[in-house]
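Subject: Handover of a structural model

Dear colleague,

My notes on what was found come after them.

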Amino acid sequence: MNRQGVALIFTLLVLMVLAILSASFFLKTINESNLVKRQVASTQAFWLAEAGVAQVFSNLTSGTLSGNVSRDTFRYNTTTVEVYGNTYQINSAGTVILADASNITRNITVFVTTHPSNASGFTNAIEVNGNLTVRGSVEINGTNVTNASLSFTSKFGLEAEKLRAYAIAHGNNYTDPDPNDIVVNNEIAWVDVTEGKSMITRTGWNGSGILVINGDADITGGNFSGILWVIGALKMSGNPNDFGAIFAECDADINTTVTGNVYIEHNSATIQDALNLTAFVNKTIVSWNEIR
Amino acid sequence: MLIGRKEEGKGTSNYPRLLQVMNSRGFTILEVFLISVLMIWIITAVTSVLQIGEFSNTVSTARIELQQEVRRAMDTMITDLRQTSREKLSVELANGSLPFFSDLSNDTAFTDPLFKVCLGYNSSAKAVNWSSNEIGYTFNASNNVIVRTDNSTSQAWQFNNISDLEFRKLDVNLLGINITGEKVARGNLRPTFSLQAEVRLRNE
């Protein structure tokens with residue numbers, strides 16, 4: 001009897017058993033690995049959808065917006081529609097593309113309402129915390145209020161810091177700008193002025209919207225339509241024209257001086273146009289739900 | 001003494017001993033004894049390795065299944081709770097009272113959350129559309145399960161192998177969840193797994 005092949009058969013059997021065990025373990029590991037990958041991708045997709053909502057919310061406007069976070073396979077796609085006056089619906093889909101080209105998507109729907117500031121606090125042509133000195137050929141069409149206790153928050157219904165953050169987010173913030181360097185066309189602009197300096201506009205400058213000057217202002221020319229809010233001392237001279245409302249939130253012992261050929265007109269229409277800009281600053285998420 | 005029949009003419013002293021064994025038709029008792037010892041040693045070693053492997057596999061499988069179960073329970077709860085508001089979420093306190101989440105002070109532990117979820121927004125009415133049904137989570141310590149109920153359907157989801165579930169108010173709209181799971185792997189060996197999460201209630 002020839003037994004020389006027994007070792008080979010025995011070896012093959014052992015190898016087969018080991019191969020089956022290895023394959024079984026390998027498949028199990030792969031399966032668990034895929035489960036974990038999909039779970040991770042699902043979480044990533046959710047936060048991508050949230051990133052899309054945050055992106056739209058910071059710069060609210062109707063339309064579509066797409067982007068990715070950190071890499072091409074991490075995407076968000078949003079659609080924003082103004083469904084009703086001052087009410088926007090944002091649909092955001094976060095998608096993670098896996099290595100096998102399959103997708104994991106999570107969908108979020110958010111409603112946002114916007115709240116423009118109320119115009120009821122903007123009935124005067126000029127309001128100042130201290131005294132108002134008017135000389136020369138100044139013309140003020142509208143009432144003026146002196147020794148006021150101005151509060152940005154109570155006038156606008158939102159904190160000045162929010163307005164500043166909005167201006168920064170839209171690239172409309174300046175620090176110690178040169179004369180006439182400020183560009184504000186139906187926008188919200190914020191200007192920081194270092195102590196000892198003053199923000200200056202001269203003849204030939206035009207602007208509209210809301211202009212907040214955090215520091216002293218020296219206005220010698222130009223045209224502005226909207227709301228000018230100065231958190232400091234205000235001097236107006238030369239021949240500037242202002243249509244809307246002016247506020248000087250200065251210390252009570254500081255005089256606001258208006259001299260020369262300054263023309264100031266309280267204008268409800270331009271004030272309302274300016275206040276409408278605050279709708280996108282004063283916004284609230286009123287509902288949030290995930291579509292499954 | 002030989003087992004089997006020795007092949008004639010090949011067992012001479014001119015052959016090396018190994019070749020003599022290879023060419024023999026049987027084995028000596030010593031050879032059988034040595035082979036038996038060797039085989040027993042090999043089989044014992046292999047069996048031990050397989051047993052350790054199988055034990056390790058059983059424990060890791062139990063641990064993985066436990067983690068998956070706890071994660072599934074946590075994910076489901078987070079997804080549901082995100083969509084409610086502090087005014088639509090009622091809870092049960094240790095004294096049996098059922099206040100709303102908004103009425104709790106921070107760091108209060110509670111059980112059995114019951115809540116409505118947001119379905120959208122009615123723009124003209126300027127109001128959130130809330131689900132008519134309520135979703136609830138109950139921990140049954142005797143069966144070690146979390147049961148998710150939705151009163152719009154008779155079906156209930158169940159998450160097994162849960163040994164502890166704790167909810168806590170962390171802030172105005174912030175809720176903490178702590179789940180601990182335990183699963184019998186073999187005998188008294190019971191891997192445990194805990195998961196903590198903070199959930200921000202997205203609706204006002």
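Predicted model: local features only at pLDDT ≥ 70, side-chain atom pairs only at ≥ 80, totals over all residues.

Residues are numbered from 1 along each chain as its sequence is written, while chains are lettered from A and ligands numbered from 1 in the order in which they are written.

Overall layout of chain A

Chain A has four helices and 19 strands; helices (H or I, at least four residues) and strands (E, at least two) are DSSP runs, numbered from the N terminus. Its radius of gyration is 32 Å, well over the 19 Å that the globule rule gives for 292 residues, so chain A is more spread out than a compact globule. That radius is taken over C-alpha atoms, and the rule is 2.2 Å times the number of residues to the power 0.38. Along the principal axes, the C-alpha trace of chain A spans about 130 × 40 × 30 Å. The chain is divided into domain 1 (6–114) and domain 2 (119–279), with bounds from an automatic or database domain assignment. The C-alpha centres of these two domains lie 50 Å apart.

The two sheets

An open, antiparallel sheet of chain A has five strands in the order S1-S2-S3-S4-S19; strands count as paired if DSSP finds at least two bridges between them. Strand S1 (63–68) and strand S19 (283–291) of chain A each have a single partner strand, so one side of each is left without a neighbour in the sheet. The twist averages 20° from one strand to the next. Helix H1 (residues 6–58) of chain A packs on this sheet, touching S1, S2, S3 and S4 of chain A, and its direction makes about 145° with that of S3(A). Such angles run from 0 to 180 degrees between N-to-C directions, with axes as lines fitted to C-alpha atoms, for helices over the stretch in contact.

A second open sheet of five strands has parallel pairing and the order S6-S17-S15-S13-S11 in chain A. Here strand S6 (132–134) and strand S11 (198–201) of chain A stand at the edges. Four bridges join S11(A) to strand S13 (residues 216–219) of chain A, where Ile219(A) is the bridge partner of Thr201(A).

Helix H3 of chain A

Which residues of H3(A) are buried? In this helix (residues 160–169), they are Leu163(A), Tyr166(A) and Ala167(A). They cover an arc of only 100° around the axis, which puts them on the same side of H3(A); the arc is that of the directions from the helix axis to the C-beta atoms. A residue is buried if 20 or more other C-beta atoms lie within 10 Å of its own, exposed if 12 or fewer, and partly exposed in between, with C-beta atoms placed from the backbone. The buried residues pack against strands S9, S10 and S12 of chain A, contact being C-beta atoms, placed from the backbone, within 7 Å. Glu161(A), Ile168(A) and Ala169(A) are exposed on the face turned away from the buried side.

Strands of chain B

S8(B) (residues 162–171) and S9(B) (residues 174–182) form a hairpin with two residues between them. Eight bridges pair these strands in the antiparallel sense, and Phe167(B) stands opposite Ile177(B).

With kind regards

Note on methods:
Contact = placed C-beta atoms within 7 Å.
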